[in-house]
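Work through the exercises below with the sequence and the coordinates open. Each task is followed by a solution in steps.

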Amino acid sequence: KKEKEQHSEKLKSVLDYIGEHYAEPISIAELAELCYFSEYHFMRFFKKHMNMTCIQYINNIRLEKAVELFEHGNTSILEVSLSVGFHNLSYFYRAFKAKYHMTPLAFIKRLELDSV
């Protein structure tokens with residue numbers, strides 16, 4: 001097979017894996033293993049193809065899932081943070097704020113206003 005095809009297949013299997021396991025701890029080692037790459041090679045490969053680090057990508061998915069939960073009326077920030085795979089609340093807050101430019105609480109409040 002052409003290298004390019006192999007690469008996109010490897011990438012797809014990694015992205016699928018992250019999509020299924022985002023709520024669990026995911027290690028770079030696990031993901032590298034899926035591709036038969038060393039961790040170093042995997043991290044470079046991922047960044048080259050996705051224009052972001054693997055951790056950034058995983059956090060992005062987790063944050064998008066958190067937003068879905070908030071939108072479905074889940075208002076416990078701790079519960080949401082845990083159920084999407086953030087096991088450190090202050091890290092969740094920082095990541096959320098960096099992506100959405102507001103705290104999870106402000107986001108929930110805004111949703112409540114929008115739904116009135």
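**Exercise 1. Salt bridges**

Task: State how many salt bridges a search of the whole structure finds, and describe each pair.

Solution. 
1. The search of the whole structure gives two salt bridges. The model is a predicted one.
2. One of them joins the side chains of Lys 12 and Asp 16, at 2.7 Å from N to O. This is inside the 4 Å cut-off for a salt bridge.
3. Lys 12 and Asp 16 are four residues apart in helix H1 (residues 3–21), so about one helical turn separates them. An α-helix has 3.6 residues a turn, so residues three or four places apart point the same way.
4. Lys 12 is partly exposed, at 49% relative accessible area, and Asp 16 is partly exposed at 35%.
5. Lys 99 and Glu 64 also meet in a salt bridge through their side chains, at 3.7 Å from N to O.
6. This pair links distant parts of the chain: Lys 99 belongs to helix H6 and Glu 64 to helix H4, 35 residues apart.
7. Lys 99 is partly exposed at 29% relative accessibility, as is Glu 64 at 38%.

**Exercise 2. Cysteines**

Solution. 
1. A disulfide is a covalent bond between the sulfur atoms of two cysteines. The cut-off used for the sulfur pair is 2.5 Å.
2. Accordingly, the whole structure contains zero disulfides.
3. Cys 35 is buried, with 0% relative accessible area, and Cys 54 is buried with 4%.

**Exercise 3. Aromatic pairs**

Task: Classify the ring pair Phe 42 and Phe 46 as stacked, tilted or edge-to-face.

Solution. 
1. A pair of aromatic rings is described by the distance of the centres and the angle of the planes.
2. Ring centres within 6.5 Å count as a pair, and the count by this rule is 11 aromatic pairs.
3. The centres of Phe 42 and Phe 46 are 5.9 Å apart and the planes stand at 50 degrees, so the pair is tilted.
4. Both residues lie in helix H3 (residues 39–50), four residues apart, or about one helical turn. Phe 42 and Phe 46 are both buried.
5. Phe 86 and Phe 92 make a further tilted pair, with 5.2 Å between centres and 55 degrees between planes.
6. Phe 86 is buried at 1% relative accessibility, and Phe 92 is buried at 0%.
7. Phe 86 and Phe 92 belong to one aromatic cluster, together with Phe 70, Tyr 91, Phe 96, Tyr 100 and Phe 107.
8. Asn 59, in helix H4 (residues 54–71), is in contact with Phe 86 and Tyr 91, neighbours within four places in sequence being left aside. Asn 59 is buried, at 10% relative accessibility.

**Exercise 4. The buried face of a helix**

Task: Find which residues of H7 are buried, and say what they pack against.

Solution. 
1. Helix H7 (residues 104–115) has 12 residues, and its span from first to last C-alpha is 17 Å, close to the expected 16 Å.
2. Its buried residues are Pro 104, Phe 107 and Ile 108.
3. Seen down the axis of H7, these buried residues fall within an arc of 100 degrees, so they line one face of the helix.
4. The buried residues of H7 pack against H4, helix H5 (77–83) and helix H6 (89–100).

Definitions and conventions
Residues numbered from 1 in each chain as written. Predicted model: local features only at pLDDT ≥ 70, side-chain atom pairs only at ≥ 80, totals over all residues. Heavy atoms only, no water. Phe/Tyr/Trp six-rings, centres within 6.5 Å; stacked < 30°, edge-to-face > 60°. Helix = DSSP H or I, 4+ residues; strand = E, 2+ residues; numbered from the N terminus. Buried < 20%, exposed > 50% of the residue type's maximum accessible area, 1.4 Å probe, protein only. Contact = heavy atoms within 4.5 Å. Expected span 1.5 Å × (residues − 1). Arc of directions from axis to C-beta.
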